[in-house]
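Visitor: Hi, I'm new to reading structures. Could you walk me through this one?
Guide: Happy to, let's open it up.

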Amino acid sequence: MKTVFTWLYELLCGANDDLPEFRDTIFGSVGLASLLLALLLAALFYLLLGRWRHVWYKLSHWVVTLLVCLVAGFGLAFGIARQTLGIFNGYAMLFAVVNGIVLMSYFILFSLLFKRFSVYAKRTPF
Amino acid sequence: MKILYRIFFFSLAFSASAAILCGCRYDQDKDGLDDEQDACVKVAGPSKNQGCPIPPEVQRIHLFLDNSASMAGYYGPATDYKAIVTDLAVKMDREIKAVDITLIADETQPFRGSATDLSNAFATTKFSTQRGSELHKMLTAVAKRAGKREVALLVTDGILSFPDSAILRDREINVNNAKSTLKNDIYAAFSDLRHAGYAASLYAFQSKFSGTYYTYQNGHVPLKGEMRPFYLWVIGQQRLLPGFDARLEAISSFHPAAVMHFGLTNAALHDYQLLPQVSKLGHWAKADGGIGDVEIIAGQPLQAALGIDLGSLPPYARNLSYLRSHIETTCEGCTVTATVVTHAMADSSKLKTSKQLLAFSRSSHVLLLRVTAMGLPEASIKLVLPMRYDNWFQAWSTMDDRDIKSHAAQTFALEHLVQGVLDAYDTRSKNFIEFNLKLRK
Amino acid sequence: MRVFIFGIGGTGAKVLRSLTMLLASGIRINDSSDLTLVPIIVDTDAHNGNTARTRDLLRSYYTLRRTFVGAQAASDAPSFFNTQLRSFNRLDATSSDAADLDVQLNFQNQDDTFANFIHYHGLEQQDKDVLELLYNDSLDEAPELHLNLNVGFKGNPNIGSVVFNDLKNQQQFKNLESSFTATDRVFIISSIFGGTGASGFPTLVKLIRESDNANLATTKIGAVTVMPYFNVDAEETSRIQSAIFDTKTKSALSFYAGDQHMNSIQAMYYLADKDQGGSLRNVEGGPDQLTDAHLVEFLAATAIVDFIGKKDDELLVPQCYEFGAESGGNPLTIGAFAEHTKQRYFRPLAAFAYAAKMATDLIPHMRAEAFYNGKELNIDGKLGVPSEYQKLLQFFAEFQKWSGTEMSNKDNGRAFLSFYYGDRDHLNQLLHGKPIPTGFFNKGLTQAKVAGWLTKNEDGLPKDRRKTEKYLDMLYMTAQQCLAELGQLP
């Protein structure tokens, strides 16, 4: 899992040899947390709210959730990187932005997977 | 469809929970502290001590003074012995823990007084009145007093000898049997101690000696202020002793001429921390099991710093000259050299991340590996620091003390005494440090 | 079980229109899953506005049932458009039902004048003299002998009875007669104060009872005859005068009382609502005779349902029935009726009213809902059947007009306030006299709430059903939820 996340993030952000913390822990923990967060948000959107109540299911709601993913992905990466490194530099900023996009991508993938199980959002986003 | 959905959902929830439980936290020693924050990753310890076990505190110190007749010369007027011993007793009592004093030779006699009374007692009371005892017996008797949270110290001249009666029968018995019987007695005594979890330290001092010296043939040689060695044995539980030794050596007036430790380390050190922000040269990155993404360009060597904590090694093994002269580095698939520097000498100016700062702060030394060539895609560096005991005791030893005046600074059969202890603490590991590092292109 | 329902004249057509609305609302007439109604409009005025409107509505019902329910669906199924209709000239079970529903019974020579119809010009002079005594032979004012039959009988039962008597010679009637079975029944709708109904009703009963087919001759007949319930504008030149409605009624009733065949009718329903104000435009016939629906017509339609719902042993002895509300008042509301009437007739109508409102006003704005999507019901693509979808929306619109506008017309005399369709974003005021209570936390039947129900209901339907069936089922289920939210009727 860690290897996969490391491969993914280094593909998108490039490697940083001076900061082994990214390979050691940050990529793995941020990657897993992001995956789980996207899973959680998709489950919340499609399985919980999407089946329970007719409140959060529209395309506009989905776009807002996607933006939440972007912010959460950024925040998650920012927080973990800062906590682990004790500093926040340009590479960490790039990583945080990329992770926001990655989390959004996860959410889109989970959306395709989960929407069939939803009632109100089974045709969201398309 | 509903059943399918439920199965899917619960599998997902289960996987997610499992991933959270297994994937998010790394806590090898299961002490509740993530490895990220754990100063002792492999040993459980409370979080208030950064995850490292709190070393037990010594609760009692038992000081034994050898008062056999052969020690009389140390109790003469104005000897270093008396100054060192009284100073040691008082400072241990004040700075470490309460000290009780016992006189030991053929029999043991408790000293009726405190550590501060010892100085007066030396001036007013005649010590060294007893018949001598065999050293291994005294050491065994002393060790017996060292309970789980206690240490026992013995101040003695350290001379191995058979009883007088045996010498009367065979005047050469001490010389002929020092390497066998006497050494084996010592070996047996310390072997028992080792199995009971005891370690030992030996501190050597010099002192004026004014009195009769008894040769191995039991001949009497009067000495008048010649410098003679005497020894302080410290015996205690292995987990207790390093801490006690450290506090002992921290006493400002404690200046032994030589030191040896027995049984403080059982296994070689395998841990190191790669420090990419210290003296890094070339292109490489930290990888599982070593270094990855290595790019060697001709004329531009690659350098990697490894932080190592040698705190558990005996002081002599931590000494930079010892490290530099004994450390052995070999590489299969590359050309490598290693340089050791102390923590203070390392270039920490580029350290910025907290984990590296922490790793560096936990390192007593930094090992700089310089790779100049790497022909294969993979290489394996092996780094070893062999366990070489200090051999000062050989210079401090003599097997013929009949002309003691010309060998006053030597102790009869000390080499066999120390060798007996070394044999007792001999471990499978012959190395202080031993680790492998993979290099991948 | 088949029931042949003859709607005679303009009133007959209008009652059939109300019956069609009731059928569309999914009323469960009896426990028979194969109940089939055979509506027959009997009117020489084939271009009459009321007749044409009913004919079109029945045809729409027929097409919509085929598209949105399924031709083979049971008549007692919980669904809108549940009851099966069949064309009187395609009674053979093997005949295709793909064609439009044919409901108009044709008269021979119905475009002729009455004189031509009875071959007046070929008669001996003495016979002509007798006829001229009985019928006005003027060509200008109130012609009778020279009346063109294609505008009906203009309130002349003396003409109608002669024309209707000729029905027995019509091929369509002969076909019907021959295919009639022992389990079939007949129901006849007529008005007693006009021309076509007043004359056609007893003549039709006579034809049935004197039929050569014993099944028809002995069949159980139900009939509703509507007595005066509206006024028309007084126009001196018109043959239709409100002032003589009562006289004509009395005269006809007196005839019915003495007629053997009329007394053999097993269930005779009388309806009247006299002395009400207001008056309708006086149109003698033709396309312009298109009047608003009236509560009495709807109540007449309930008589049909009541008759069909009766078991055979309840129809052994001829009985007369009247209808009464629990309270009067003008305008009248649903609350004025007995509980049985509310549950049996108004509850289904209320459900259909909710569905009509949802389909026409709410659903087109629910683009964000899952069911709207092209891969689901494809509302934008009109469910893939644009013509039928449009027809359904027109039916719903017609229902809203029928129930919300026409019956509440003050010119009717007694206005009936049933449903209000004016609110745009909620259904809380749909039923007159029973608003759905709302509060800070409960906004009642809002568009969002209804959208949620529609989506969930659509999601729960079997995936292999046709979009059209799913659409109507979705509406039906959601309408039932709206009714549940409404609780008791007012």
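Visitor: How many helices and strands are in chain C?
Guide: Chain C has 14 helices and 10 strands. Helices here are DSSP runs of H or I with at least four residues, strands are runs of E with at least two, and both are numbered from the N terminus. This is a predicted model, where local features need pLDDT of at least 70, side-chain atom pairs count only at pLDDT 80 or more, and totals for chains, interfaces and linings use all residues. Residues are numbered from 1 along each chain as its sequence is written, while chains are lettered from A and ligands numbered from 1 in the order in which they are written.

Visitor: What share of chain C is buried?
Guide: Of its 490 residues, 48% are buried. Buried means that 20 or more other C-beta atoms lie within 10 Å of the residue's own; 12 or fewer makes it exposed, anything in between partly exposed, and the C-beta atoms are placed from the backbone.

Visitor: And which residues of chain B's helix α7 are buried?
Guide: In α7 (residues 241–249) of chain B they are Leu241(B), Pro242(B), Phe244(B), Asp245(B) and Leu248(B). Looking down the axis of α7(B), these buried residues fall within an arc of 165°, so they line one face of the helix. The arc is taken from the directions from the helix axis to the C-beta atoms.

Visitor: What does that face pack against?
Guide: The buried residues of α7(B) pack against β4, β5 and β6 of chain B.

Visitor: What order do the strands of that chain B sheet come in?
Guide: There are 7 strands in an open sheet, ordered β3-β2-β1-β4-β6-β5-β7 (chain B), with mixed pairing. Strands pair if DSSP finds at least two bridges between them. At the edges are β3 (108–110) and β7 (258–262) of chain B, each pairing on one side only. From one strand to the next, the twist averages 25°.

Visitor: In which sense do β1 and β2 of chain B pair, parallel or antiparallel?
Guide: Strand β1 (residues 60–66) and strand β2 (residues 99–104) of chain B pair in the parallel sense, over 6 bridges. For instance, Phe64(B) has Thr102(B) in β2(B) as its bridge partner.

Visitor: New topic: at what angle do helices α1 and α2 of chain A cross?
Guide: The axes of α1 (residues 2–13) and α2 (residues 21–52) of chain A cross at roughly 95° and come within 8 Å. That makes α1(A) roughly perpendicular to α2(A). Axes are lines fitted to C-alpha atoms, for helices over the stretch in contact, and angles run from 0 to 180 degrees between N-to-C directions. Under 35 degrees counts as roughly parallel, over 145 as roughly antiparallel, 65 to 115 as roughly perpendicular and the rest as oblique.

Visitor: Which residues make that contact?
Guide: From α1(A) come Lys2(A), Phe5(A), Thr6(A), Leu8(A) and Tyr9(A), and from α2(A) come Arg23(A), Phe27(A), Gly28(A), Gly31(A) and Leu32(A). Residues are in contact if their C-beta atoms, placed from the backbone, lie within 7 Å.

Visitor: How many residues of chain B are in contact with chain A?
Guide: 21 residues of chain B are in contact with 20 residues of chain A. The largest share of the chain B side, 6 residues, comes from α1(B).

Visitor: And how many residues of chain A are in contact with chain C?
Guide: 8 residues of chain A are in contact with 11 residues of chain C.

Definitions and conventions: Contact = placed C-beta atoms within 7 Å.
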